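Dear colleague,

Please find the structure below, with its sequence. My notes on what was found follow directly after.

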Amino acid sequence: MVAVKCLEKYNLEGFFLDYGQRYAEQEQWAASNVARRLGIKLHSARLTGITVESENEWFPARNLYIGALSFSMASRLGCSAILVGSKTNEYREDDEYCWHDCTRVFHEKLQELGNRALDFPSQEIEVLQPLLGWSKQEVVDGLKAARIPLHELWSCYRPDKDGRSCGVCYHCVELKKLGVWECVHSA
Ligand SMILES: [Zn+2]
């Protein structure tokens with residue numbers, strides 16, 4: 001949705017990271033579909049040797065890895081900004097699916113750290129959350145309005161051995177609440 005929203009304003013390039021997530025193949029397929037539809041170049045990278053087989057989908061410091069690699073890519077490509085898809089404003093303790101590394105504060109600190117790591121470039125690279133405060137419903141509505149086929153996207157944390165959505169993980173349940181799970185899970 002970030003790419004759709006920012007397509008007119010920026011000369012976009014996409015970045016996908018395979019960090020060993022069990023749904024990497026499906027996510028990369030979905031990212032490629034969006035990139036192809038919007039005419040965006042997609043860069044892909046793969047982290048190996050640091051992943052551990054686990055039932056838990058939690059990957060410690062995932063967004064710090066993605067942020068660091070994004071700064072490296074953005075610098076070499078001459079980008080002015082890194083656009084992040086997270087919608088989270090503030091951290092909420094009462095939401096078990098809210099993480100500090102998705103929040104506005106995290107991305108503000110990432111911007112400071114990233115530019116420091118680049119030795120303070122003359123033109124600072126911004127870290128922006130164009131969907132800040134959006135609801136899941138607004139994302140679905142935005143994708144539909146942009147005519148992005150939902151069946152070309154991916155959301156599930158725990159695909160089965162045949163690569164299909166599980167129907168019971170957090171993301172599958174959320175999509176069911178929105179009435180679009182059937183649309184999003186083909187792969
Ligand atoms: Zn699922």
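Helices here are DSSP runs of H or I with at least four residues, strands are runs of E with at least two, and both are numbered from the N terminus. Please keep in mind that this is a predicted model.

Overall layout

The chain contains seven helices and four strands. Following the sequence, their order is α-β-α-β-α-β-α-β-α-α-α. The radius of gyration is 17 Å, close to the 16 Å that the globule rule gives for 187 residues, so the chain is as compact as a globular protein of that length. The C-alpha trace spans about 50 × 40 × 35 Å along its principal axes. Of the 187 residues, 21% count as buried. Among contacts between residues at least 6 apart in sequence, 65% join residues at least 24 apart.

The nonpolar cores

In soluble globular proteins, nonpolar side chains tend to be buried together. In this chain, the largest nonpolar core has 16 residues. The residues with the most contacts inside this core are Met1, Val2, Ala74, Ile82, Leu83, Val84 and Val127. The elements that contribute two or more residues to this core are α1 (2-6), α2 (24-38), α3 (62-77), β3 (81-83) and α4 (104-117). Another core lies apart from this one; it has eight residues, among them Tyr23, Trp154, Leu175 and Val180.

Which residues does Met1 touch, not counting residues up to four places away in sequence? They are Gly85, Leu131, Val139, Gly142 and Leu143. Val4, in helix α1, touches Leu38, Gly142, Leu143, Ala146 and Ile148 when residues up to four places away are likewise left out. The C-alpha atoms of Val4 and Leu143 are separated by 7.7 Å, although these residues are 139 places apart along the chain. Val4 itself is partly exposed, with 18 other C-beta atoms within 10 Å.

Helix α4

The buried residues of α4 are Phe106, His107, Leu110 and Gly114. Seen down the helix axis, these residues fall within an arc of 90°, so they line one face of α4. The buried residues pack against α3 and β4. The face turned away from the buried side carries the exposed residues Glu108, Glu112 and Arg116.

Helix α6

In helix α6 (residues 170-177), the buried residues are His171, Cys172 and Leu175. These residues cover an arc of only 100° around the axis, which puts them on the same side of α6. They pack against α7 (181-184). On the other side of α6, Val173 and Lys177 are exposed.

Tyr170 also belongs to α6. Is Tyr170 buried, exposed or partly exposed? A residue is buried if 20 or more other C-beta atoms lie within 10 Å of its own, and exposed if 12 or fewer do. Tyr170 has 14 within that distance and is therefore partly exposed. Tyr170 touches Tyr97 and Tyr157, not counting residues up to four places away in sequence.

Positive phi angles

α6 is followed by Gly179, whose phi is positive, near 75°. α4 is followed by Asp119, and the phi of Asp119 is positive, near 65°, although Asp119 is not a glycine. Where does Asp119 lie? Asp119 is in the loop between α4 and β4 (126-128). Because Asp119 has 7 C-beta neighbours inside 10 Å, this residue counts as exposed.

Ala61 likewise has a positive phi, near 65°, in a residue other than glycine. Ala61 sits in the loop between β2 (41-46) and α3. With 10 C-beta neighbours inside 10 Å, Ala61 counts as exposed.

With kind regards,
A colleague

Notes
Residues are numbered from 1 along each chain as its sequence is written. This is a predicted model: local features need pLDDT of at least 70, side-chain atom pairs count only at pLDDT 80 or more; totals for chains, interfaces and linings use all residues. A nonpolar core is a set of buried Ala, Val, Leu, Ile, Met, Phe, Trp, Tyr and Cys residues joined through C-beta atoms within 7 Å. Two residues are in contact if their C-beta atoms, placed from the backbone, lie within 7 Å. The radius of gyration is taken over C-alpha atoms; the globule rule is 2.2 Å times the number of residues to the power 0.38. The arc is that of the directions from the helix axis to the C-beta atoms.
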